Amino acid sequence: MTRLVDMLERPEPNRRGFLRGAAAFAATILAPGVTLYAFGGEAPPVRAPGTPVSSKVRWGMLIDINKCGDGCDRCVTACRDENGWGSGGSGETASQWIRKVTLRDPTSGAKREAPVMCQHCAEPPCVDVCPTGASFKRADGIVLVDKHICIGCRYCMMACPYKARSFVHEPIDDQKPWAPRGKGTVESCTMCVHRIDKGRAPACAEACASEAGGAMMFGDLNDPNSEISKAVAARANSQIRADLGLDPGVRYENL
Amino acid sequence: MAKLTFRKLNDHSPLMWGLMAIHAAVLACGVAAALYMEEHGHIVTGMNNEIVWGAPHVFAVFLIVAASGALNVASISSVFNRFAYKPYARLSGVLAVSLLAGGLMVLVLDLGRPERIFVAMTHNNFRSIFAWNIYLYSGFVVIVAAYLFVMMDRVASQSATLGKVVGAFAFVWRLALTTGTGSIFGFLIAREAYDAAVMAPMFIASSFLYGLSFTVLVLFTMCRETRRQLMNAEMLGKFSGLLAIFSLATLYFTLAQHLTKFYQTGHRGVELFLLRDGGVYPLVFWGGQIIVGSLLPLALLWATREGTKTRRGLSAASVLFLIGGLCQLYVIIIGGQAYPLQIFPGREVSSSFFDGQVAHYAPSLPEVLLGVSGVSLAMLLVAVALRLMPFLPRGDEAPLASEGGP
C-alpha cells in the first residue's frame with residue numbers, strides 16, 4: 001500500500017529531470033556522429049541481437065603511417081585495456097593483439113612505425129588450416145577465433161604471415177566478458193567486434209583519433225560512399241604482403 | 001618352398017623385460033609431463049609465440065612419418081610380390097600402427113586443450129590438411145588392421161588377390177598419409193622455409209628410411225629375444241640396400257629443396273640461416289642429418305656389406321638413420337620457425353613482439369619427455385602385440401652369429 005501511495009505521489013518530472021533525459025537521448029543519437037568526427041571514419045550501425053551479420057559490409061582499416069607517431073603506442077594500450085590481453089605469459093610467451101613495428105629502410109636509413117595486428121584477410125590462411133573451424137571469418141570480414149572449439153594446435157599461428165596470433169601460455173582469470181580468453185587457446189585482434197556490433201569503432205582507432213595522430217581510419221570497405229572507401233580509392237595505399245594474395249582488410253598509406 | 005610359420009612371444013628374457021621396464025618408465029614420465037603441461041600451460045615448455053611447435057612435434061612427426069614407412073616391408077611382399085619379405089609383413093603392420101599411435105599420443109597431449117580431442121573429431125574444416133590427416137591417420141589404423149586380418153586369417157590368407165588388393169589399398173593410403181604430413185609444411189605460404197611441393201615426396205622418402213630402420217632394429221631385438229635367426233645373409237643385404245637407397249633419396253630431395261630455395265633471391269636469407277649462419281640449426285643439419293645421419297651410416301653399410309660384421313653394421317646404421325631423421329625434422333620444424341617472418345620484405349624491422357629477430361628455443365624437460373614417450377609407447381605396443389598374437393616369423397633354428405643386435 002505504501003508503495004502504491006509512493007507511486008501515486010511521485011512528483012511529475014521537473015525541468016531539470018527533463019533536460020537530463022533529453023541530454024541522454026541526444027547523446028545516444030548523436031554519439032556515433034561525434035565518434036565519426038573523432039576517429040575519421042564512420043560509426044558502424046548497431047546490430048540488433050539475433051540479426052545476422054551482413055556480407056554486404058566489409059569492415060576494414062586504412063592506416064596512414066605518416067600520422068603514426070614515433071614511440072606512440074596509444075592504439076596498443078587502448079586495445080589492451082579494452083580486451084584485457086596483458087596477462088597469460090611474459091616476454092616471448094606474452095600475447096600481443098596489436099604491436100608497433102619499427103621499419104627501417106636499409107638503403108636510406110629512414111625509419112617509420114606502423115601498428116600491426118590481425119589483417120582480417122579476405123582469404124585468411126588461419127581459417128584454411130584450422131582443423132576444427134575455430135578460426136573463422138564473419139560475413140562482414142572480421143576474422144575471429146571461437147574459443148569453445150579451439151583445441152590449441154597452433155597451426156593457425158604457423159600459417160599466419162603477419163604473426164598476428166598469440167597463444168595463451170598460462171592460466172588466466174582476468175578476462176573481460178566481451179573478450180573471452182583462455183589458457184591453451186589461440187587469440188588475436190577481433191577488430192573489437194563487440195564494439196562494432198554496438199555501433200562503435202574499434203578501441204585502437206578511437207584512441208588514435210582522440211588522443212594521438214588520427215592515423216587509423218575505420219569503416220566499410222564495401223560501401224563506395226564510405227569515407228574509407230573514398231580514401232582507399234583516392235590515395236595510394238598498400239596491403240602488407242600483398243604478393244600472397246590474401247586481400248587483407250587492413251591497408252596502409254605511405255608505407 | 002618352406003611353409004611360413006609365425007609365433008607369439010611366450011616368455012621374455014631379462015633383456016626384454018628390462019627394455020619393457022625402461023619404456024614403461026619413460027611412458028609414465030611422458031604422461032606425467034603432459035599432465036604437468038596441462039596444469040601449468042605451455043609456459044613450462046620452451047615453446048612460445050615465435051616457436052609454436054617444438055620438441056613434441058619433432059617426435060610426433062618423426063613417429064607418424066616412420067609409421068607409414070614401417071608398412072613398406074608388407075607392401076613389398078604383397079603388392080610387389082617379393083616373397084622374401086613375407087615373413088616380416090605382419091610385424092611391419094604392427095609396427096606401423098604402433099608408431100602411429102605413439103606419434104598421435106604426443107601430438108594430442110601437446111595440444112593446448114587436449115581434452116577437446118573429441119571436438120577435433122566432431123568439428124571438421126576440410127580445407128585444413130590437419131582435418132584430412134585426422135581421417136588419414138584413423139583410416140590408416142583401420143586399413144592396416146584389415147591388412148593384418150587378411151594376412152593372418154586362415155581363409156582370407158588363402159586368397160592371393162585379396163591380399164594384393166588390400167595391400168595395394170594400404171600402400172596407396174600410406175602414400176596419401178605421408179603426403180598429408182609433408183603438406184602440413186608444404187602448404188604453409190607464410191614461412192619461407194616451407195611453402196614447397198617437394199615437402200611431400202621428401203617426407204615419403206624419409207618415411208621409407210625411418211620406417212625400415214625401426215623395422216630392422218625391432219627384428220634385431222627379436223633375434224636376441226627368440227635366439228633365432230630372423231634375417232639371413234640375403235635379407236641383411238636386401239635391407240642394407242634398401243636403407244641406402246632410401247637415404248640417398250632423402251638426400252636428393254633435401255638437396256633439391258635447398259637448391260631451389262637458394263636459387264630464389266628472396267629465399268636466400270632463410271637458406272643461409274639454415275645452412276650457415278643459424279647457429280645450432282646448420283650444426284644439426286650438417287653434423288646431425290648429413291654426416292651422422294646419412295654419410296656415416298651409408299659408409300658403414302658399404303664397409304660392412306660383406307663379412308661377419310654385416311649385422312652390427314646394419315643395426316648401427318639403422319640407429320644413425322633414426323638420429324639423422326630426428327635432426328632432419330628438428331631443422332625443418334624448429335629451424336623453419338626460428339627464422340623471422342618476412343612481414344615487410346626489404347625492411348629491417350623491430351618490435352616488442354620480436355619482429356625481425358631470430359626466435360629462441362630451448363626445449364624443456366617435460367616436452368622432451370613427452371616426445372620420447374611416444375617412441376616408448378610404440379615399442380611397448382609392439383611388445384604387447386607380439387605377446388598376444390603370432391606376428392613374428394619363426395625364423396631359422398641356426399644359432400645367432402657371435403655379434404648380436406642392438
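1. In chain B, the axes of helix α2 (residues 55-70) and helix α8 (residues 199-226) come within 6 Å and cross at roughly 80°, which makes α2(B) roughly perpendicular to α8(B), a label given to angles of 65 to 115 degrees, while those under 35 count as roughly parallel, those over 145 as roughly antiparallel and the rest as oblique. Axes here are lines fitted to C-alpha atoms, for helices over the stretch in contact, and angles run from 0 to 180 degrees between N-to-C directions. On the side of α2(B) the contact includes F62(B), V65(B) and A66(B), and on the side of α8(B) it includes F203(B), F208(B) and L212(B), two residues being in contact if their C-beta atoms, placed from the backbone, lie within 7 Å. By class, this contact has eleven nonpolar, six polar and no charged residues; Ala, Val, Leu, Ile, Met, Phe, Trp, Tyr, Cys and Pro count as nonpolar, Asp, Glu, Lys and Arg as charged, and the others, Gly among them, as polar.

2. A word on the basis of these values: this is a predicted model, in which local features need pLDDT of at least 70 and side-chain atom pairs count only at pLDDT 80 or more, whereas totals for chains, interfaces and linings use all residues. Residues are numbered from 1 along each chain as its sequence is written, and chains are lettered from A and ligands numbered from 1 in the order in which they are written.

3. Between the chains, 37 residues of chain B are in contact with 45 residues of chain A. The elements of chain B that give two or more residues to this side are α5 (117-122), α6 (129-152) and β2 (348-351), with helices (H or I, at least four residues) and strands (E, at least two) taken as DSSP runs numbered from the N terminus. Of these, β2(B) gives the most, with four residues. The side of chain B that touches chain A divides into 18 nonpolar, twelve polar and seven charged residues.

4. An open sheet of three strands, in the order β3(A)-β2(A)-β2(B), has antiparallel pairing, where two strands pair if DSSP finds at least two bridges between them. Its edge strands are β3 (111-117) of chain A and β2 of chain B, each pairing on one side only, and the twist averages 30° from one strand to the next. Strand β2 (residues 98-104) of chain A pairs with β2(B) over four bridges, and T102(A) has S350(B) as its bridge partner.

5. Within chain A, seven bridges join β2(A) to β3(A), with V116(A) the bridge partner of R99(A) and R104(A) standing opposite K111(A). The hairpin of these strands has six residues between them, and G109(A) takes a positive phi near 80°. Five of the seven residues of β2(A) are buried, so this strand is largely enclosed by the rest of the structure; a residue is buried if 20 or more other C-beta atoms lie within 10 Å of its own, exposed if 12 or fewer, and partly exposed in between, with C-beta atoms placed from the backbone. Helix α3 (residues 74-83) of chain A lies across β2 and β3 of chain A, running at about 160° to β2(A).

6. Chain A also holds an open sheet of four strands in the order β8-β1-β10-β9, with mixed pairing. Its edges are β8 (216-220) and β9 (237-238), each with a single partner strand, so one side of each is left without a neighbour in the sheet.
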